[in-house]
Amino acid sequence: MSKNIITPTKEFEDVLTPGYKDLVANGPYNRSAPGTVDDLGSFREITEPHPHCAGCGVSLGIRLGLASLPSPENTIIIGTPGCAYFALTQSALCYSCTAFGNQNSVATGLKRMLKIRHPGKVKDVLVMVGDGGVADIGLDYTLHSWFRGENIATVMLDNEVYGNTGGQESGMTVEGKVLNMAPTGKKFPKIPVFEMAKVAGCAYAVRTTVASPKKFGTAVRRAVLIAREVGPTYVQVYTPCPTNLKFSPGKTLEAAKDVEKTYYQYEEYMTEEASAYLSRIGELKEAK
Amino acid sequence: MSMSANINAAASAGPNQKAVSPEELLLKAPRERAFMTGSEAVAEAVRRAGIDMAIAYPITPQSESMHLTGDLFAQGYIKDYYRAENEFAVMAAVHGASLGGGRVFTATSGPGTLRAMEMFPVWAGSRQPIVCAFMCRGVALPPSIQPENIEMAFLLDTGMIMFHAENSQDFFDFILAGYAIAEQSEVHLPVGVFADGFFVTHTREVIMLPPDNIKLGEYNPDIAPIPPFDMEHAPMQMVRDPLLNKCNFVSYAASASWHQEVLAAAERARKHINKYMGGLIEVENPGADIMIIASGIAVSQSRDAIRTMAERDGITAGLIKVKSIRPFPAAEIAQATARASAIVIPEFNAGGWLAREVMGTIDNNSRVIAGPRVFGGMSLPGEVIIDVIKKAAR
Amino acid sequence: MKRSNLDIRMAGLGGQGVVTAAHILGTAVVATGKYAVVNPFFGAEKRLAPTESYVRISSEKIYDRGEVMYPNIVMVFDPQVITIGKSHTLPFHAGLKDGGLILVNSADPVIHDRDKAVLDNIKAKVVYVPATKLSVEFTGSDLSMNMTMLGALCGLDDTLVDLNAVMTAVEERFSGKTKIVASGTSAALDEAVKSKFEKMGAMIEKNRTAINKAYEYAKRC
């Protein structure tokens with residue numbers, strides 16, 4: 001998208017809100033330098049308060065993820081109902097969220113249509129949703145989009161709970177955890193979606209947490225780039241929920257750091273084709 | 001990458017069709033006779049519809065039409081096509097493809113319709129001109145693959161425009177008219193074109209087709225009430241909960257007015273239905289004392305009954321064929337039944353949804369005989385309708 | 001002129017070409033300017049499972065749809081339809097109109113006395129034609145049994161349809177000139193049948209021979 005599309009004519013400039021002017025002047029589009037988590041930008045849709053709980057790991061994950069997009073002016077985000085929806089509706093990108101769990105199917109149709117209508121142009125389709133949306137209600141749609149090799153990047157914001165509906169167990173909740181709808185504790189372990197991504201056809205997959213913003217930012221950037229040219233990609237980021245996991249809102253990063261030592265160790269997987277592609281476009285060096 | 005290659009291969013094999021207006025394709029182009037099934041008629045409509053993308057999932061009795069649609073993709077008539085994992089995935093992907101600003105097609109039947117249910121109001125709420133063919137069949141009361149149209153009852157309030165085809169000819173015409181009507185700037189709603197499974201899909205009969213070297217011109221998404229999701233336009237949000245979804249009057253009002261606008265858009269479709277489909281209803285023997293009201297295959301069975309009665313018994317009955325179920329032709333039906341003393345409503349479902357619709361909109365419901373009804377795959381011989389009419393005449 | 005209707009029910013087993021025979025007959029009728037509507041039994045078709053198809057023929061537009069419940073003619077493509085009731089419609093003659101015709105693919109009588117009494121009562125005509133045997137004899141294969149059945153039907157009732165139109169319909173059906181798919185399963189069977197005959201032309205010729213010779217055979221019945 002050209003910035004001209006949102007730039008007002010001189011005659012209209014004075015009637016537009018400060019927010020809109022800020023979007024045009026400082027918004028995420030057509031930045032000269034690639035987006036990274038080092039510079040979240042000053043634009044409103046990322047820095048302003050939004051209706052999440054204090055200390056929300058999901059909102060932090062979304063900020064970091066959006067700041068890391070390689071080409072926000074050409075990015076469309078598909079979501080699903082849940083906590084992530086609140087921050088994503090404030091982003092200045094096309095964002096769609098309709099039925100629960102359908103995100104990778106919607107993204108499939110959209111991405112294919114954009115290939116038909118805008119051949120040769122960069123059109124990044126990014127799915128950014130919670131753990132319930134990916135691992136439970138949307139698991140078959142997620143997996144099938146990977147089996148088919150769709151050019152979509154999928155980011156799971158894993159807070160290990162259904163937050164928006166009031167703290168119910170999800171498939172990504174750890175075994176034994178007592179939550180609503182798991183009154184005697186969860187009876188089975190976290191669904192191994194990260195491992196499934198590798199066997200289901202993802203060209204790239206990363207497991208990380210919001211306590212490692214650089215690693216997460218690089219993962220989102222690479223996931224989007226590889227999805228453009230190679231195949232489906234998956235980033236699973238731990239975004240702990242102080243409200244429902246019952247810890248102090250000031251301890252979100254600490255909670256994320258803790259699990260990095262145990263079951264949320266950083267892991268990056270990529271196929272040879274994905275690696276060769278990153279190397280070719282000069283994107284491989286910065287991670288090391 | 002493999003997918004892009006497929007698209008390119010299909011495009012290069014593309015047939016040389018001339019893009020024409022819907023008026024030309026539907027109303028003016030000369031037609032020739034063909035002897036084919038309803039499924040083949042659907043494919044002939046798709047061939048002429050200038051479709052960007054179609055998505056399929058098998059279910060009886062829909063499958064043949066989507067096989068043939070796949071063949072059309074292989075021949076270059078459609079730019080992309082794939083088999084998805086289930087009907088909810090199909091309807092979600094069709095939604096996504098339509099968000100991208102192109103023309104899309106799919107079809108389903110009975111249980112597939114119900115599995116995909118959540119997406120139909122999403123299409124309407126997103127103001128998408130998607131055309132979906134429904135080859136109606138039983139659902140699960142008990143399990144049945146046989147024809148009946150109970151699924152239409154479930155879809156009456158999804159915001160979708162609904163047309164009910166009597167035969168293969170209607171099926172062909174209504175699908176193409178569906179695009180012409182759905183893509184009007186002031187309408188922009190999904191259109192469901194319904195036909196009774198097997199009775200239409202698997203039945204071979206004569207239909208009249210315009211030439212296959214013409215097709216509908218390209219869809220222009222810039223005239224849509226909602227711009228396409230392509231980052232060629234200013235970004236926007238399409239979310240199921242308008243504004244932020246918690247409790248405040250502004251969000252309720254936004255949701256309500258959006259819903260009202262969906263209903264209003266369907267009302268605005270009436271003049272286009274009149275233009276492209278010759279009206280929301282058709283009336284035979286207007287002014288008859290006994291009027292049959294029917295839609296879909298029940299219209300054909302009623303025609304058979306009316307002819308037999310006229311030839312054999314000297315009884316004249318009238319017929320109102322309801323082509324548009326949404327918007328519903330309440331005023332037209334009220335007018336056409338104003339002088340009738342008995343109104344017979346034969347249906348191919350157990351619920352009697354058409355009778356309910358009619359009785360909710362006309363005066364003096366004691367005139368209405370809400371039947372006969374068959375379901376579970378039963379045929380409805382004209383004699384059964386004649387029986388009911390004769391009882392009414394007494 | 002009074003409207004004339006003729007309704008045919010064809011019963012057999014999946015894979016025997018019951019649907020194809022109906023299709024060819026319907027195509028031929030329409031080509032001669034009369035009206036025809038053709039449909040199979042409404043269900044998922046499986047090889048060797050009961051199959052039915054229906055042909056309605058009329059001098060005027062046909063509205064009635066669905067199964068033919070009151071046929072003028074019943075064609076039985078496999079004796080098992082009668083002998084063990086492998087059929088959607090039971091008994092096989094259910095609804096047959098007075099003076100109707102029953103054509104059975106069998107060299108020997110297979111109809112039980114009880115059914116015979118019913119058929120005698122409605123003055124039905126029963127004709128046995130060894131259609132499978134004739135197919136093997138005329139074409140070297142049993143695959144054209146549906147064609148010998150169709151040929152025999154034409155031989156029994158010359159007013160039904162012009163035999164030349166049937167020959168043209170056979171060519172249209174098998175030449176691939178018109179893309180016809182009765183169902184996914186029958187499309188797959190088509191491929192198998194084609195490979196057996198090797199060449200499309202040979203297949204069309206053999207089917208025509210089967211129809212012609214069965215027509216002559218039936219004339220002598």
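What follows is a chat about the chains, their contacts and their sheets.

Colleague: Before we dig in, what ipTM does the complex get?
Modeller: Keep in mind that this is a predicted model. The predictor gives the complex a pTM of 0.93. The ipTM is 0.93.

Colleague: And what pLDDT does chain C average?
Modeller: In chain C, 88% of the residues score at least 70. The average pLDDT of chain C is 89.

Colleague: Which chains share the most contacts?
Modeller: There are 2 pairs of chains in contact. Chain A and chain C have no contact joining them, and their closest C-alpha atoms lie 24 Å apart. One contact takes 25 residues from chain B and 20 from chain C, while another brings 38 residues of chain B together with 39 residues of chain A. The pair that shares the most contacts is chains A and B.

Colleague: Which element gives the largest share of the side of chain B that touches chain A?
Modeller: The elements of chain B that give two or more residues to that side are helix H1 (2–12), strand S3 (53–56), helix H5 (87–99), helix H7 (119–125) and strand S11 (237–239). By class, the residues on that side of chain B are 21 nonpolar, 9 polar and 8 charged. The largest share, 9 residues, comes from H5(B).

Colleague: Over on the side of chain C that touches chain B, how many residues are nonpolar?
Modeller: Two elements of chain C that give two or more residues there are helix H1 (18–31) and strand S2 (35–40). The side of chain C that touches chain B has 8 polar and 3 charged residues. The nonpolar residues number 9.

Colleague: What radius of gyration does chain B have?
Modeller: Chain B has 15 helices and 17 strands, and its C-alpha trace spans about 70 × 55 × 40 Å along the principal axes. For its 394 residues the globule rule gives 21 Å, and the value for chain B is close to that, so chain B is as compact as a globular protein of that length. The radius of gyration of chain B is 21 Å.

Colleague: What about the radius of gyration of chain A?
Modeller: Chain A comes to 13 helices and 7 strands, with a C-alpha trace that spans about 65 × 45 × 35 Å along its principal axes. A compact globule with 288 residues would be near 19 Å, and chain A agrees with that. The radius of gyration of chain A is 19 Å.

Colleague: How far apart are the centres of the two domains of chain A, domain 1 and domain 2?
Modeller: The domain assignment gives chain A a domain 1 at 1–30 and a domain 2 at 34–287. Taken over C-alpha atoms, their centres are separated by 29 Å.

Colleague: In chain B, which strand gives the largest share of the side of domain 1 that touches domain 2?
Modeller: Chain B is divided into domain 1 (13–214) and domain 2 (281–393), and 23 residues of domain 1 are in contact with 19 residues of domain 2. Helix H8 (151–155), strand S7 (161–165) and strand S8 (191–196) of chain B each give two or more residues to the domain 1 side. That side has 14 nonpolar, 6 polar and 3 charged residues. The largest share, 5 residues, comes from S7(B).

Colleague: Which strands stand at the edges of the sheet of 7 strands in chain B?
Modeller: This open sheet of chain B runs in the order S4-S3-S5-S6-S8-S7-S15, with mixed pairing. An edge strand here has a single partner strand, so one side is left without a neighbour in the sheet. The edge strands of chain B are S4 (80–83) and S15 (324–326).

Colleague: Inside that sheet, which residue of S6(B) is the bridge partner of B:Thr108?
Modeller: S5 (104–108) and S6 (131–136) of chain B run parallel, joined by 4 bridges. The bridge partner of B:Thr108 is B:Phe134.

Colleague: Last one: at what angle does helix H15 of chain B run to S16(B)?
Modeller: S16(B) belongs to an open sheet of 5 strands in chain B, in the order S12-S14-S13-S16-S17. Helix H15 (382–393) of chain B lies across S13, S16 and S17 of chain B. The angle of H15 to S16(B) is about 165°.

Key
Residues numbered from 1 in each chain as written. Chains lettered and ligands numbered in written order. Predicted model: local features only at pLDDT ≥ 70, side-chain atom pairs only at ≥ 80, totals over all residues. Contact = placed C-beta atoms within 7 Å. Nonpolar A, V, L, I, M, F, W, Y, C, P; charged D, E, K, R; others polar. Pairing = 2+ DSSP bridges. Domains from an automatic or database assignment. pLDDT = per-residue confidence, 0-100. Rg over C-alpha atoms; globule rule 2.2 N^0.38 Å. Axes fitted to C-alpha atoms, helices over the stretch in contact; angles between N-to-C directions.
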